[in-house]
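Dear colleague,

I am handing over the structure below, followed by some notes on what was found in it. Please read the notes with the coordinates open beside you.

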Amino acid sequence: MNTRFLETFVTLAQLRSFRATARALHATPAAISLRIKTLEEELQTELIDRTSKDFRLTANAEYLLAHAKAVVDATRRLMAAAQKDSAIRGRLRVGVIESVVHSWLAQYIRELNTMYPELEVDLTVDMSNVLERRLRARELDLVIQVEGVESSDIVSEALAVYPLHWIARKGLIDTRKEGLNQRLLALPILTFGRGTAPQRMIEEIVSKMANLAMVPLEQTRITCSPSVAAIVQLVKDGYGVAAIPSLFVVDALKNGEFIELPVQPEPPAIIVSMCFHSNAEMLVHAAANAARQSCAGYCAQIDPRYIKSLG
């Protein structure tokens, strides 16, 4: 439907004259009449009462007038938004989990600085549940966290999958003998912060493993930390076994300092998502687009065994 015809209808309803409407819209009365007839055909209803000597809208026209005004107003707002200064400027409050810090955050920040040099970025690093709470409170504009947010007011988009594995320092645990699961359960198991989705999944897996291995659950130890760097250091020190993405220890795996334990079941992968309010400002949408590009670009350079783009 041609929105110009709707605008003609709204103007005609206000001025109640074909000639006055023609002058206001810089057209001829014949052109105005043709637009109204075309609109009537599209709507399959009469808008002008042609049986009356005076100008009069039909009952259907009176009913449809408010809807037509809404469409015309929305179109004008759209045009105004499209014609705004294209420069993205202002303060952007971004929240990310530490998994992003140890992967593609640097690439993302560089991308923002290059594309939008007038944008000021305030960065928060925290656990997903904290980031989600602050996003809902509008204390953050855009968050990148584990899983999406269940809300009709918030856009959630999965960006990447981080496969998890059981990681240990070489020589910490003998993988050649039977009973590997029992030996793993005898060591502290390192994972992400308490209350996070990965931590809850590890709790479930350890409980099932202990049940199958006939190991009392109270004898198992799960050590939680929101810091990836702390977990990696504890693995390096031989403190225990970590359920983390191999992406964070690629170099240590390649030089033989760390190994991936062939323990089943493997921890489920982490899905990292981007979330922001659906009615966010243009700068947030611009930053979201840059996040998609940065994440996909990073993933394209990394072995898909370690991270996979969902974009």
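Disulfides come first: the structure, which is a predicted model, holds 0 of them. A disulfide is a covalent bond between the sulfur atoms of two cysteines. For C275, which is in no disulfide, the nearest cysteine sulfur belongs to C295 and lies 13 Å away, whereas a pair would have to be within 2.5 Å to count. C275 is also buried, its relative accessibility being 0%. C224, by contrast, is partly exposed, with a relative accessible area of 23%, and C224 will come up again below among the contacts of T191.

Next come two pairs of packed helices. Two packed helices are described by the angle between their axes and the distance between the axes.

In the pair formed by helix α1 (residues 3-15) and helix α3 (residues 29-43), the axes are 9 Å apart and the packing angle is about 110 degrees. Because an angle of 65 to 115 degrees counts as roughly perpendicular, α1 is described as roughly perpendicular to α3. The crossing in which α1 passes α3 is left-handed. On the side of α1 the contact is made by R4, F5, L6, T8, F9 and L12, and on the side of α3 by I32, R35, I36, T38 and L39. Sorted by class, the residues of this contact comprise 7 nonpolar, 2 polar and 2 charged ones.

The other pair consists of helix α6 (residues 105-115) and helix α12 (residues 282-300), whose axes come within 9 Å of each other and cross at roughly 135 degrees. That angle makes α6 and α12 oblique to each other, and their crossing is right-handed. Here α6 contributes Q107, Y108, E111, L112 and M115, while α12 contributes A287, A288, A290, A291, Q293, S294, G297 and Y298. The classes in the contact of α6 with α12 are 8 nonpolar, 4 polar and 1 charged.

Two residues of this second contact, L112 and A287, are also touched by L92, a residue of strand β1 (residues 90-96). L92 is buried, at a relative accessible area of 0%. Once residues up to four places away in sequence are set aside, L92 touches L112, L119, E120, V121, D122, D141, L283, V284 and A287. As for L119 in that list, 27 residues separate L92 from L119 in sequence, and their C-alpha atoms are 7.0 Å apart in space.

Another residue in a strand is T191, which belongs to strand β6 (residues 189-191) and, with 0% relative accessibility, counts as buried. If its neighbours within four places in sequence are left aside, the contacts of T191 are P198, Q199, I202, I222, T223, C224, S225, I231 and A243. C224 in that list is the partly exposed cysteine already mentioned.

The backbone also has some points that deserve a look. Most residues other than glycine have a negative phi, and most peptide bonds are trans. Which two residues does a cis peptide bond join? They are Q264 and P265, with omega at about 0 degrees, and P265 sits in the loop between β9 (258-261) and β10 (270-277).

Positive phi values are found at Q44, where phi is near 60 degrees, and at E147, where phi is near 65 degrees. Q44 lies in the loop between α3 and α4 (59-82) and is exposed, its relative accessible area being 75%. E147 lies in the loop between β3 (142-146) and β4 (154-162), and with a relative accessible area of 41% E147 is partly exposed.

A197 is found in helix α9 (residues 197-213), and its 11% relative accessibility places A197 among buried residues. Finally, A197 and A61 are 136 residues apart along the chain, and their C-alpha atoms are separated by 55 Å.

Methods:
Residues are numbered from 1 along each chain as its sequence is written. This is a predicted model: local features need pLDDT of at least 70, side-chain atom pairs count only at pLDDT 80 or more; totals for chains, interfaces and linings use all residues. Side-chain values use heavy atoms; hydrogens and water are left out. Axes are lines fitted to C-alpha atoms, for helices over the stretch in contact, and angles run from 0 to 180 degrees between N-to-C directions. Helices (H or I, at least four residues) and strands (E, at least two) are DSSP runs, numbered from the N terminus. Angles under 35 degrees count as roughly parallel, over 145 as roughly antiparallel, 65 to 115 as roughly perpendicular and the rest as oblique. A crossing is left-handed if the near helix is turned anticlockwise from the far one by less than a right angle, and right-handed if clockwise. Contact means heavy atoms within 4.5 Å. Ala, Val, Leu, Ile, Met, Phe, Trp, Tyr, Cys and Pro count as nonpolar, Asp, Glu, Lys and Arg as charged, and the others, Gly among them, as polar. Buried means under 20% relative accessible area, exposed over 50%, partly exposed in between (1.4 Å probe, protein chains only).
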